[in-house]
Amino acid sequence: MPVPNINFSAFVLSLAATAAVHFGDRVEPGGEKPGPPDLVAAGQMIDILALLDEKTRGNLTADEQQLLDTI
């Protein structure tokens, strides 16, 4: 199995996917159905994304910033 290319966009999408799993909106890898919501964990993912936005503001490409803003 090829190793995926890890870049900023893939990292942001990974954090967003993790938040979706914690919200119960997405199946965890290897799972069969979404689990119950874990709002504390989902909130932590949102806080991490907000921190990432704050700390990288002005240092991202337009596409990277748009992705982070959209997420």
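Predicted model: local features only at pLDDT ≥ 70, side-chain atom pairs only at ≥ 80, totals over all residues.
**Notebook: salt bridges, a nonpolar patch and the overall fold**

I searched the whole structure and got 2 salt bridges, a salt bridge being a side-chain nitrogen of Lys or Arg within 4 Å of a carboxyl oxygen of Asp or Glu. Residues are numbered from 1 along each chain as its sequence is written, and side-chain values use heavy atoms, with hydrogens and water left out.

**The bridges**

I looked at Asp 53 and found its side chain paired with Arg 57 at 2.7 Å, N to O. I then checked Asp 69, whose side chain also meets Arg 57 in a salt bridge, at 3.7 Å, N to O. Asp 69 sits in helix 3 (residues 62-70) and Arg 57 in the loop between helix 2 (39-56) and helix 3, so this pair ties together parts 12 residues apart in sequence. Through shared partners, Asp 53, Arg 57 and Asp 69 form one network.

How buried or exposed are these two? Arg 57 is partly exposed at 46% relative accessible area, and Asp 69 is partly exposed at 48%. My cut-offs: buried is under 20% relative accessible area, exposed is over 50%, and partly exposed is in between (1.4 Å probe, protein chains only).

**Charges**

I counted 4 positive and 10 negative side chains, with the centres of the two sets 1 Å apart. Lys and Arg count as positive, Asp and Glu as negative, while His and the chain ends are not counted. Each charge is placed at NZ of Lys, CZ of Arg, CG of Asp or CD of Glu.

**The patch**

Which residues make the nonpolar surface patch? I found Phe 23, Leu 39 and Ile 46, together giving about 270 Å². Patch residues have over 30% relative accessible area and no salt bridge; nonpolar side chains (Val, Leu, Ile, Met, Phe, Trp, Tyr) are joined within 5 Å, like charges within 9 Å. Areas come from the Shrake-Rupley method with a 1.4 Å probe, and for residues only the protein chains shown count as cover. Phe 23 belongs to helix 1 (residues 8-23) and is partly exposed at 33% relative accessibility.

**Whole chain**

I see 3 helices and 0 strands, the helices (H or I, at least four residues) and strands (E, at least two) being DSSP runs numbered from the N terminus. Of the 71 residues, 25% are buried. The C-alpha trace spans about 40 × 35 × 15 Å along its principal axes.
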